[in-house]
Amino acid sequence: MATNADLAERYRAILPSFISPLYERPVSIDRGEGSYVFDSEGTRYLDFFGGILTTMIGHANPVVVEAVQAQAAKVMHTSTLYLNEEMISFAEEVAAVSGIPDPRVLFTTSGSEANDTAILLATNYRNSNQVLAMRNSYHGRSLTAQAITSHRAWSTSSYSGLDVQFVQGGYRLRSPFRQLDDDAFTNACVEDLVQLIDMTDSGGFSALIAEPIQGVGGFATPPDGFFGAMGKVLHSEGILFISDEVQSGWGRTGEHFWGYEAHGITPDAITFAKGVGNGITLAGIVARAELMNCLTRNSITTFGGNPLSTAAGRATLRYLLENDLQGNAAARGAQMHERLAPVCDASPHVAELRGKGLMQGLEFCHAGSIEPDAATTAAVLESAKDHGLLVGKGGLYGNVIRITPMLNVTEAEMDEGLDILVQVIEALD
């Protein structure tokens, strides 16, 4: 069996330079069991990142494994040219939990492709290439998804046929409105949106696309009701609202099944991916029928909605609902916040603890300021790994630790992970 060092050398020799491992001393993932993974050398880690929120209900979850194995023994691929009960049934199930009236569902292979589809629909429906997106956002790596991304570390191209304007959003720590209370902050951002539209509208914006909690942006979280207030402006202008739930969906926030539900607004479309298949390739979009059916030319998705992936999706969603994992996310998220809040308050290195449920982040800054401290963040990431805990990193300046355990994480597992994280943070002083 290859060592971590051997695999890292081969990785760098064959993969492109713009792809890189998370750690200075990279770790392999050879197998997983529930909330734990094992590297190729047999070392066990508690996984509080899940492959970027993608393994959502535990590694090798027996319910998902059984569904995938049973489907693989029948047929793994058909495309949308053929009828398949797994795809159709899962579409019905996603529609039922979406909260969107008269919904239609299209499955894709990634969140980038789902967001591409959402923009394709919105620009056709509104006959406009003008799009609104949020500052500090990330929506994927295709040209269209990059055009609506406002995150310098992950922006690789400005080429696009879209005219995109970026709105003040939920990254409050560095906002010019950061000193305001929740209501005043929301009102200031809404007023900025009104002025932005007044100054840049050249025939009507098609849509605003937004993450209810920004993922790559370091779990920046706006006040509840924020997008509902913006929605009043959008509605008056006929502008669609697209909720990018790639990271915030499926009950992860604990309070709600979808991130948008904290804001008193119903989106015209929801995009989803990541955890919906518990690690298998699966993503999609659910939208109002009038919007989804606006295309008049033929289209197809070759791999989107394939029976293998949708069998995994159905098993994941069923397990999530039957075991009230949204409720567990709320309880374990409260446990995380209660344990970390006093530690963060006491640490001169942590500027903010934010997020909801099992989607929380720690932003590290130089003591007494909000100057980003990426070096300390990297040290925390490495030290946590060396103590047996895998967490993520993000934020505009690479200075946010992202903590996203499995939705079925236990109280004991949460304590184990928090013990490590607290030890690492306190060791910085």
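**Reading the sheets**

Author: Start with one pair of residues. Leu-46 stands opposite Leu-389 in strand S13. Keep in mind that this is a predicted model.

Reader: Which strand pairs with S13, and in which sense do the two run?

Author: Strand S3, residues 44–47, is joined to S13 by two bridges, and the two run parallel.

Reader: What is the order of strands in the sheet that holds S3 and S13?

Author: Read across it: S1-S2-S3-S13. This is an open sheet of four strands, with mixed pairing. Next, look for the edges. Strand S1 (31–33) and strand S13 (389–390) stand there. Each has a single partner strand, so one side of each is left without a neighbour in the sheet.

Reader: Which helix lies across this sheet?

Author: Helix H13, residues 411–426. It lies across strand S2 (36–38), S3 and S13. The helix runs at about 100° to S3.

Reader: Now the other open sheet. How many strands does it have, and in what order?

Author: It has seven strands, again read across: S4-S10-S9-S8-S7-S5-S6. The pairing is mixed. From one strand to the next, the twist averages 20°.

Reader: In what sense do S5 and S6 pair, and over how many bridges?

Author: They pair in the parallel sense, over five bridges. Strand S5 covers residues 130–134.

Reader: Which strands does helix H4 touch?

Author: Helix H4, residues 85–98, packs on the sheet and touches S4, strand S9 (269–272) and strand S10 (283–288). Its direction makes about 125° with that of S4.

Reader: And where does helix H8 lie?

Author: Helix H8 spans residues 226–237. It lies across S5, S6, strand S7 (207–210) and strand S8 (240–244). Its angle to S5 is about 165°.

**Reading the loops**

Reader: What is the phi of Asp-102?

Author: Phi of Asp-102 is near 45°. That is a positive value in a residue other than glycine. Find Asp-102 in the loop between H4 and S4.

Reader: Where is Asn-278, and what is its phi?

Author: Asn-278 sits in the loop between S9 and S10. It is not a glycine, yet its phi is positive, about 55°.

**Reading the empty space**

Reader: How do I find where empty space is left?

Author: Roll a probe the size of a water molecule over the atoms; this shows where empty space is left. Now take the second largest pocket here. Its volume is about 420 Å³. It is lined by 16 residues, and the closest to its centre are Leu-106, Thr-117, Met-292, Leu-295 and Ser-299.

Reader: Which element gives the largest share of that lining?

Author: Helix H5 does, with five residues. H5 (111–126) and S4 each supply at least two residues of the lining. By class, the lining of this pocket divides into seven nonpolar, six polar and three charged residues.

Reader: How many cavities of 30 Å³ or more are there?

Author: The count comes to two. The largest cavity has a volume of about 70 Å³. Of its 13 lining residues, Ile-213, Gly-259, Ala-262, His-263 and Lys-356 lie nearest its centre. The lining has five nonpolar, five polar and three charged residues.

Reader: What lines the second largest cavity?

Author: Its lining residues include Leu-53, Met-56, Trp-250 and Lys-274. By class, this lining has four nonpolar, three polar and two charged residues. The volume of the second largest cavity is about 30 Å³.

**Reading the whole chain**

Reader: How many helices and strands does the chain have?

Author: Its secondary structure comes to 13 helices and 15 strands.

Definitions and conventions
Residues are numbered from 1 along each chain as its sequence is written. This is a predicted model: local features need pLDDT of at least 70, side-chain atom pairs count only at pLDDT 80 or more; totals for chains, interfaces and linings use all residues. Side-chain values use heavy atoms; hydrogens and water are left out. Two strands pair if DSSP finds at least two bridges between them. Axes are lines fitted to C-alpha atoms, for helices over the stretch in contact, and angles run from 0 to 180 degrees between N-to-C directions. Contact means heavy atoms within 4.5 Å. On a 1 Å grid over the protein atoms alone, a cavity is a set of points where a 1.4 Å probe fits but cannot get out, and a pocket is an open set with protein on both sides within 12 Å along at least five of seven lines; lining residues have an atom within 4 Å of a point. Grid points are joined across faces, edges and corners, and a volume is the space filled by probe spheres set on the points. Ala, Val, Leu, Ile, Met, Phe, Trp, Tyr, Cys and Pro count as nonpolar, Asp, Glu, Lys and Arg as charged, and the others, Gly among them, as polar.
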